[in-house]
Amino acid sequence: MAEAVRTEDESANGQPSLKRVMGPGLLLLFIVGDILGTGIYALTGQVAAQVGGVVWLPFLVAFLVALVTAFSYLELVTKYPQAAGAALYTHKAFGIHFVTFLVAFAVMSSGITSASTAARAFSANAADVFGLGFDSGIGITLIGLGFMGLVALVNLRGVGESVKANVVLTCVELTGLLIVIGVGAWALGAGEGDFSRVTEFDTGERSLVGGVIAATGLAFFAMVGFEDSVNMAEECKEPRSIFPKVLLAGLLATGLIYVLVSISAIALVPADQLSQGDTPLLQVVEAGAPGFPIGLFGVITMFAVANSALINMLMASRLVYGMSNQHVLPPLLGRVSATRRTPTTAILFTTALAFGLITFVGAVPALGGTTALLLLVVFTVVNVAVLVLRKDPVEGDHFRTPTVLPVVGALACAFLATPWAGRPTEQYRIAGVLLGIGVLLWVVTVLVNRRTGPAVPPLDPERFTSGGPVN
């Protein structure tokens, strides 16, 4: 019997392949939209609190670290142009199921901490926009919990995501940042503000280098999202040829926007004032353009961070659902609603974790810093995986990053994830609790599997890896 010939519309397992609809323009908007968001909207003031007027410098350093790591992702996504992620690369490189699980659970956890950061930023901006008269305490916490509950309801109902929707959301997020840059440019032309502050260092008790490194560990949260684009590889036209230039262009564009926003912010609002509260960019617009409808900018900010929270909770719940189907988390977490066809228990589980973070942690720097910490560990593994997978040749040409870059990337990410980078111990506690919950569930699952003896299929991380957190 003659062997059936697989067409280009069919994947390796005989299932229909994903439709390749994304060209360079749509892919660029997807990448920019993933990076823009909560990080720059919520953390600019906290970064300024650690370095003073040179608030733009940690964002620049964070951009360079992300850029080096992006080269590693470029080699992997063009070598394995399929919907995948860090867990799949880890599995291919090391083949240790528990390590693959830890990477996947770390990505999931970073999505929840990122969404919780967005919830806190949403609460603070809502309080300002609607004049509720408080910027901290139980009021902000209750708004954050209510917002996260609403996100859960939307998630339970089911959300159909599309590239067109991402284009609209990206334009909204980008509009808010361009307003800040425009206000800064107008102030410069009118002789307003104090642009001499952009060269002033104020690192407190830390040394100059120590302050910048500590602030970079926090600012790195603003650069996350680019790694999520690897999951669009199967839906891109000629991914091996367009991915390198488009991903680098997206990173350069967002890096430039972040530096310009930071300069505008510090020129119009002194560092000590900018670091007060969770609405730094709202302060900038109020100071530089008093006649601008502040409520409108607040709504833009709320919309931007709300989008980040929803996408992250969607990602986290689907990851938990996928890991349950792969028998590395309890089967209860894999249950699906018969009516809405959404992973009900996975959504409730991830929402409960987010509720705990909002209630018992709450502070934006701690949540944003924990997101950066988890991702820096994942990026360290990915940079090492690039070098290990050099021994795995594939057919066809692919991007090859200079060997020195993954080495530098692994060392830089690993260092920024250590206490020597000035990272608060609270972030390690939060990350440890989240990963501890994952390990506990993994142990329970292993024991149950051994007792009940289900037919456990070979681990396929591609089935449960749906990306990483976005801003």
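Thr 279 sits in the loop between helix H10 (271–274) and helix H11 (280–288); helices (H or I, at least four residues) and strands (E, at least two) are DSSP runs, numbered from the N terminus. This is a predicted model, in which local features need pLDDT of at least 70, side-chain atom pairs count only at pLDDT 80 or more, and totals for chains, interfaces and linings use all residues. Residues are numbered from 1 along each chain as its sequence is written, and side-chain values use heavy atoms, with hydrogens and water left out. The chain comes to 16 helices and 0 strands.

**Thr 279**

- Thr 279 counts as buried, at 9% relative accessibility; buried means under 20% relative accessible area, exposed over 50%, and partly exposed in between (1.4 Å probe, protein chains only).
- Beyond its neighbours within four places in sequence, Thr 279 is in contact with Ala 124, Asn 125 and Asp 128; contact means heavy atoms within 4.5 Å.
- Its side chain makes a polar contact of 3.1 Å with the side chain of Asp 128.
- A polar contact is a pair of N or O atoms within 3.5 Å; within protein, one must be able to donate a hydrogen and the other to accept it, and residues adjacent in sequence count only if both atoms are side-chain atoms.
- The C-alpha atoms of Thr 279 and Leu 43 are separated by 8.6 Å, although the two are 236 residues apart along the chain.

**Chain and confidence**

- Of the 471 residues of the chain, 56% count as buried.
- Among contacts with a separation of 6 or more, 83% join residues 24 or more positions apart.
- Mean pLDDT of the chain is 85, and 89% of the residues reach 70 or more; pLDDT is the predictor's confidence in each residue, from 0 to 100.
- Over residues 1–15, pLDDT stays under 50, and the model has 10 contacts beyond four places in sequence for them.

**Thr 445 and His 327**

- Thr 445 lies in helix H16 and is buried, with a relative accessible area of 3%.
- Leaving aside neighbours within four places in sequence, Thr 445 is in contact with His 327, Val 328, Leu 329 and Pro 330.
- Ser 324 is 121 residues from Thr 445 along the chain, with 9.0 Å between their C-alpha atoms.
- His 327 belongs to the loop between helix H12 (294–325) and helix H13 (344–360).
- His 327 is partly exposed, at a relative accessible area of 28%.
- Phi of His 327 is positive, near 65 degrees.
- Most residues other than glycine have a negative phi.

- His 91 is placed in helix H4 (residues 86–94) and counts as buried, at 16% relative accessibility.
- The side chains of His 91 and Thr 100 make a polar contact of 3.0 Å.
- Outside four places in sequence, His 91 is in contact with His 97, Thr 100, Leu 459 and Pro 461.
- Thr 69 is in helix H3 (residues 56–79) and is buried, with a relative accessible area of 0%.
- Contacts of Thr 69, leaving aside neighbours within four places in sequence, are with Phe 226, Phe 379, Asn 383 and Cys 413.

**Cavities and pockets**

- On a 1 Å grid over the protein atoms alone, a cavity is a set of points where a 1.4 Å probe fits but cannot get out, and a pocket is an open set with protein on both sides within 12 Å along at least five of seven lines; lining residues have an atom within 4 Å of a point.
- Grid points are joined across faces, edges and corners, and a volume is the space filled by probe spheres set on the points.
- The structure holds 2 cavities of 30 Å³ or more.
- The second largest cavity has about 40 Å³ of space.
- Its lining is Ser 116, Arg 120, Ser 123, Ile 140, Thr 141, Gly 144, Ile 358 and Gly 362.
- Helix H5 (97–129) and helix H6 (138–157) are the elements that give two or more residues to this lining.
- By class, the lining of the second largest cavity has 2 nonpolar, 5 polar and 1 charged residues.
- Ala, Val, Leu, Ile, Met, Phe, Trp, Tyr, Cys and Pro count as nonpolar, Asp, Glu, Lys and Arg as charged, and the others, Gly among them, as polar.
- The second largest pocket has about 180 Å³ of space.
- Its lining has 15 residues, with Gln 50, Leu 218, Gly 422, Pro 424 and Gln 427 nearest the centre.
- Helix H8 (208–219), helix H14 (364–388) and helix H16 (425–452) each supply at least two residues of that lining.
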